[in-house]
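Below is a short briefing on one structure, meant to be read with the sequence and the 3D view side by side.

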Amino acid sequence: MPASANDWPDLLQEYSEFCRVKGIFKREGSFDLSEIGFCLPAFLLCTKVFLADNANAKIVPPKDKSVSTYFDFIMKHPGIGSAIKDTYVPPAELPHDPSQSEAVLEKLRKVHNDGEEYGGQTAFNYLMSEIVDNIYQHSKFCHAFLMAQKYPSKRFVEIAFIDDGITIPGSFEKAGKTMQHINALKAAMQGKSTKDQTRGYGLSTSLKLVTKGLNGQFLLVSGKAALYYKPSEQTLYTLDLSYELKGTLVGLRIPYPCPKLEDIYEYTE
Amino acid sequence: MSTQNEITIKLAPFFSASHLALRNTADMLFDEIDRFETKNIIIDFSDIHTVSRSFAHQYLLREKKSRKNITKTNMNEDIKEMFKIVASTKIRKIDTDMTNIKVVSLSKSVC
């Protein structure tokens, strides 16, 4: 049953805005950002990966000068660890060689004060670690990015992860378990692993930690399916070609500031 | 510090990190451990604040297969708890409630 765009959760609307701009590119050959307003991490990372895979795309910048400046900074910045302008925090690109990634994560942690305002360092690092490890274990990415940005006046922090890899359904298919894309997301969230039975806890425990522990929101988009989860609302989405993601996006929104979660283990067992 | 009969690996300077996130990191550690002829290895978690579930799980998998005597030291309470949880996890599925979740179709016609 189709859903009205006005009913979509904010995180999903962010993703749908990216799909709208991508659709224009497919029809008209230019990545038209002229009508884009405020840019948030999920939208920015989808765009960053898309432009990494379409390096010659003609870009029409946002009309709003401050949005255009911010967009330019995010797209062109060499990455976390370099000089940061004001409160702009650039995305971190994950190196292909996982042996170099702990150093990248360490820089991101330092910039965000080890997540002290995002539920505490144990919660923050759990989320960063488990989602990034999934990218390395399953995705076979060409490009992968993560980004966190706090919005004090809006009272939330958004953390996003994206890769352009084989998707969660693709990972199951590779393991010999072909299924509908929404069933693949369901399976992943219920702890089914493509590797062995003692694994498969990272994504599902991360969802539990974000939504129950930190009272946040969780969006997962992979292939032709998406999942939106918050304590009062859970929805699976089947996506047509215009919304399909050739990769995996995880978007988290956590209230800001978020007090330290003293015991994350209630959500990670 | 190491003696003739044992080697100590301090993880924080070894990985230049205060949090250990990835399965690959545990693999790198045990690949290093396997290089030593010494049988007794001490893994020093001083200045490591957290380890991920994935790291802890891979660590335990590799430790089980290793022929070395491996001891962990200087773990803080968070790290001890993570290893405890991973070591005691039975093969079960997570209780993410998806049974009554609604399914909605998103298509271009709705934009």
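## A buried arginine in chain B

B:Arg62 is buried, at a relative accessible area of 17%; buried means under 20%, exposed over 50% and partly exposed in between, with a 1.4 Å probe and protein chains only. The model is a predicted one: local features need pLDDT of at least 70, side-chain atom pairs count only at pLDDT 80 or more, and totals for chains, interfaces and linings use all residues. Residues are numbered from 1 along each chain as its sequence is written, chains are lettered from A and ligands numbered from 1 in the order in which they are written, and side-chain values use heavy atoms, with hydrogens and water left out.

- B:Arg62 sits in helix H3 (residues 53–65) of chain B. Helices (H or I, at least four residues) and strands (E, at least two) are DSSP runs, numbered from the N terminus.
- The side chains of B:Arg62 and B:Asp34 are joined by a polar contact of 3.4 Å. A polar contact is a pair of N or O atoms within 3.5 Å; within protein, one must be able to donate a hydrogen and the other to accept it, and residues adjacent in sequence count only if both atoms are side-chain atoms.
- Apart from neighbours within four places in sequence, B:Arg62 is in contact (heavy atoms within 4.5 Å) with B:Asp27, B:Phe30, B:Asp31 and B:Asp34.

## Chain B as a whole

- Chain B contains four helices and six strands, and its pattern along the sequence is β-α-β-α-β-β-α-β-α-β.
- Chain B has 111 residues, of which 49% count as buried.
- Among contacts in chain B with a separation of 6 or more, 82% are between residues 24 or more positions apart.

- An open sheet of eight strands has the order E3(A)-E4(A)-E5(A)-E9(A)-E6(A)-E7(A)-E8(A)-E6(B), with mixed pairing. Two strands pair if DSSP finds at least two bridges between them.
- Its edge strands are E3 (92–93) of chain A and E6 (102–106) of chain B, each pairing on one side only.
- Strand E7 (residues 225–230) of chain A has five of its six residues buried, so it is largely enclosed by the rest of the structure.
- E7(A) runs antiparallel to strand E6 (residues 217–223) of chain A, to which five bridges join it. These two strands form a hairpin with one residue between them, and A:Phe218 stands opposite A:Tyr229.
- E7(A) also runs antiparallel to strand E8 (residues 233–239) of chain A, through six bridges. Two residues link this pair in a hairpin, and A:Tyr229 stands opposite A:Gln234.
- Strand E5 (residues 156–163) and strand E9 (residues 245–255) of chain A are antiparallel and joined by eight bridges; A:Ala160 has A:Gly251 as its bridge partner.
- Helix H8 (residues 202–213) of chain A lies across E6, E7 and E9 of chain A, at about 150° to E6(A). Axes are lines fitted to C-alpha atoms, for helices over the stretch in contact, and angles run from 0 to 180 degrees between N-to-C directions.

## Nonpolar cores

- The largest nonpolar core has 82 residues, and those with the most contacts inside it are A:Phe161, A:Leu227, B:Ile43, B:Phe45, B:Val51 and B:Tyr59. Such a core is a set of buried Ala, Val, Leu, Ile, Met, Phe, Trp, Tyr and Cys residues joined through side-chain atoms within 4.5 Å.
- Helix H5 (residues 121–139) of chain A gives the most to this core, nine residues.
- A second, separate core of 46 residues includes A:Phe43, A:Tyr88, A:Tyr228 and A:Leu239.
- Not counting residues up to four places away in sequence, A:Leu227 touches residues of both chains, including A:Phe218, A:Leu236, B:Met98 and B:Ile101.

## Backbone points to check

- The peptide bond joining A:Tyr256 and A:Pro257 is cis, with omega about -10°. A:Pro257 is in the loop between E9 and helix H9 (265–268) of chain A.
- A:Lys140 is not a glycine, yet has a positive phi of about 55°. A:Lys140 lies in the loop between H5 and strand E4 (144–151) of chain A and is exposed at 52% relative accessibility.
- B:Asp47, also not a glycine, has a positive phi of about 65°. B:Asp47 is in the loop between strand E3 (40–44) and strand E4 (50–51) of chain B, and its relative accessible area of 60% counts as exposed.
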